Amino acid sequence: EEDLSLIGVTGTNGKTTIALMIQHLLGEVCGYMGTNGIISKSFSEKIRNTTPDADRLYRYFRRFVLDGCRYLSMETSSEAFFRNRLDGLSFQVGILSNITEDHLNIHKTIENYVDCKMELLRKVKKNGFSILNTDDTYYDLARENAKGTILTFGKKKDSTMQLIKVEENVDGSDITIAYQGKQFSFHSPYLGEVNAYNLMASLLACIALGASLEELILKVPNLPIIPGRLDPIVKREYTVMLDYAHTLDAFKNILPILNRMKKHRLVVVTGSAGGREKEKRGPMGKYILEHSDHVIFTMDDPREEKVIDIIQDLLQESDRKNYEIIEDRKMAIETALDHAEKGDIILIAGKGVDDYMALGKEYLPYSDVQVIQDYYTAKN
């Protein structure tokens with residue numbers, strides 16, 4: 001671990017995006033570990049947990065070092081702190097993106113959940129950096145817990161890096177930020193304000209490790225789209241997008257963007273995972289129905305619940321009728337594609353690039369990406 005400086009990223013939304021952005025901005029000296037697996041210049045593999053347990057963790061660290069990495073950009077889930085998987089570690093950089101209510105199935109109370117997120121900031125080295133969002137509800141608490149030098153991002157004037165404006169266009173956003181008394185404007189391939197926040201957090205992490213903002217900004221327009229995060233995987237006369245969104249907060253971040261971009265209708269294919277957070281379903285379903293032209297409710301890791309029961313929960317707070325129910329997810333996606341019209345945006349939400357479906361006690365092989373690819377292969 002001495003040979004590897006750790007950059008930890010936690011928060012309800014944005015962990016994967018920020019951790020991957022940092023890896024791309026720092027280049028070959030930086031590895032990545034998280035939802036999308038372990039990635040370095042010579043290897044890219046899936047792993048079972050976002051944050052593995054200690055013995056596996058150190059084996060991975062050794063591989064990164066042998067592959068020439070000096071830095072590791074890693075997602076640190078609140079569950080990993082809760083399960084003490086990160087006890088012995090200290091971080092050169094700790095980033096807290098934001099906190100909204102999620103995963104209360106594990107933590108029971110929002111206080112416990114928040115405390116697990118704060119644990120990352122408490123593990124930052126004395127000579128390290130804590131990077132915080134000044135616009136987050138828990139900013140003051142985060143500041144109290146943060147070790148090392150505090151760098152901040154957000155819209156507030158006193159943020160280390162201030163967001164001045166974001167203008168969305170078809171191929172991303174034009175962003176203006178202020179840093180150390182100067183303004184910088186540049187193009188980013190990512191959509192939406194939430195990704196401008198993710199980008200600022202990433203830029204500050206790289207600056208903390210000695211990179212110059214001017215040089216980083218030159219790299220931003222060429223950053224790759226993050227798989228499964230508002231990922232436009234089909235561009236025809238309509239657009240099919242894949243996103244990992246499965247919380248009310250995530251939908252509030254992306255549906256307004258897609259509504260501004262659409263030329264015709266916004267069609268959403270979504271569900272909600274079984275066995276957790278039943279109380280979030282009603283408000284989430286209501287919001288999706290109100291901000292979509294048509295919704296197809298389907299399965300998303302139902303586990304031991306009945307799919308139709310989960311969907312009824314999603315429908316319970318709204319009397320809108322702009323939806324249909326197709327329990328089989330493959331059929332739901334195919335139906336959306338069959339009926340796509342010119343100028344539509346079809347959002348397939350919840351699974352992102354996952355390669356399984358949790359049914360009963362089993363994890364069956366399943367992939368939204370594969371379903372979509374197969375659909376077009378069969379058509380041609």
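This is a predicted model: local features need pLDDT of at least 70, side-chain atom pairs count only at pLDDT 80 or more; totals for chains, interfaces and linings use all residues.

Modeller: The largest nonpolar core has 46 residues, and the members that touch the most others are Val240, Phe251, Leu255, Ile333, Ile346, Leu347 and Ile348. Helix α9, residues 248-261, is the biggest giver here, putting 6 residues into this core. There's also a second, separate core of 44 residues, with Ile22, Ile95, Leu163 and Tyr179 among its members. As background, nonpolar side chains tend to be buried together in soluble globular proteins.

Let's stay with α9 for a moment. Its packing with helix α10 (residues 281-290) has an angle of about 10°, and the two axes are 10 Å apart. Anything under 35 degrees counts as roughly parallel, so α9 and α10 are roughly parallel to each other. On the α9 side the contact uses Leu248, Phe251, Lys252, Leu255 and Pro256, and on the α10 side Pro283, Met284, Tyr287 and Ile288. Sorted by class, that contact comes to 8 nonpolar, no polar and 1 charged residues. Phe251 and Leu255 turn up again in this contact, having already been named among the core residues that touch the most other members. For the spacing along a helix, remember that there are 3.6 residues a turn, so residues three or four places apart point the same way.

Now α10 itself. This helix is mostly covered, with 7 of its 10 residues buried. Those are Arg281, Gly282, Met284, Gly285, Tyr287, Ile288 and Leu289. What do the buried residues of α10 pack against? They have α9, β14 (266-270), β15, α11 and β16 as partners. Helix α11 (residues 307-315) has its own buried set: Val307, Ile310, Ile311, Asp313, Leu314 and Leu315. The buried residues of α11 pack against α10, and also against β15 (294-297) and β16 (323-325).

Glutamate 277 sits in the loop between β14 and α10, and its phi is near 45°, a positive value in a residue other than glycine. With a relative accessibility of 8%, glutamate 277 counts as buried. Further along, in the loop between β15 and α11, you'll find aspartate 301. Phi of aspartate 301 is near 50°, again a positive value in a non-glycine residue. Aspartate 301 is buried too, at a relative accessible area of 6%.

Next, follow the core to Ile333, one of the residues touching the most other members. Ile333 is also part of the contact that α12 makes with α13. These two helices, α12 (residues 329-338) and α13 (residues 368-379), pack at about 50° with their axes 10 Å apart. That angle makes α12 oblique to α13, and their crossing is right-handed. From α12 the contact takes in Arg329, Lys330, Ile333, Glu334, Leu337 and Asp338, while α13 supplies Asp368, Val371, Ile372, Tyr375, Tyr376 and Lys379. By class, the α12 and α13 contact divides into 6 nonpolar, no polar and 6 charged residues.

For the rest of the chain, go back to Ile22, a member of the second core. Ile22 also belongs to the set of α1 residues that meet α7. Helix α1 packs with helix α7 (residues 192-208) at an angle of about 45°, their axes 9 Å apart. That makes α1 oblique to α7, and α1 passes α7 in a right-handed crossing. In α1, Thr17, Ile18, Met21, Ile22, Leu25 and Leu26 meet Asn195, Asn198, Leu199, Ala201, Ser202, Leu203, Ala205 and Cys206 of α7. The class breakdown of the α1 and α7 contact is 10 nonpolar, 4 polar and no charged residues.

Glycine 27 is in the loop between α1 (15-26) and β2 (30-34). At 27% relative accessibility, glycine 27 counts as partly exposed. Its C-alpha atom is 8.9 Å from that of lysine 41, a residue 14 places away along the chain.

Threonine 134 is buried, at a relative accessible area of 5%. Setting aside neighbours within four places in sequence, threonine 134 contacts Tyr139, Thr152, Phe153, Gly154, Lys155, Lys156 and Ser159.

Key:
Residues are numbered from 1 along each chain as its sequence is written. Side-chain values use heavy atoms; hydrogens and water are left out. A nonpolar core is a set of buried Ala, Val, Leu, Ile, Met, Phe, Trp, Tyr and Cys residues joined through side-chain atoms within 4.5 Å. Buried means under 20% relative accessible area, exposed over 50%, partly exposed in between (1.4 Å probe, protein chains only). Helices (H or I, at least four residues) and strands (E, at least two) are DSSP runs, numbered from the N terminus. Axes are lines fitted to C-alpha atoms, for helices over the stretch in contact, and angles run from 0 to 180 degrees between N-to-C directions. Angles under 35 degrees count as roughly parallel, over 145 as roughly antiparallel, 65 to 115 as roughly perpendicular and the rest as oblique. Contact means heavy atoms within 4.5 Å. Ala, Val, Leu, Ile, Met, Phe, Trp, Tyr, Cys and Pro count as nonpolar, Asp, Glu, Lys and Arg as charged, and the others, Gly among them, as polar. A crossing is left-handed if the near helix is turned anticlockwise from the far one by less than a right angle, and right-handed if clockwise.
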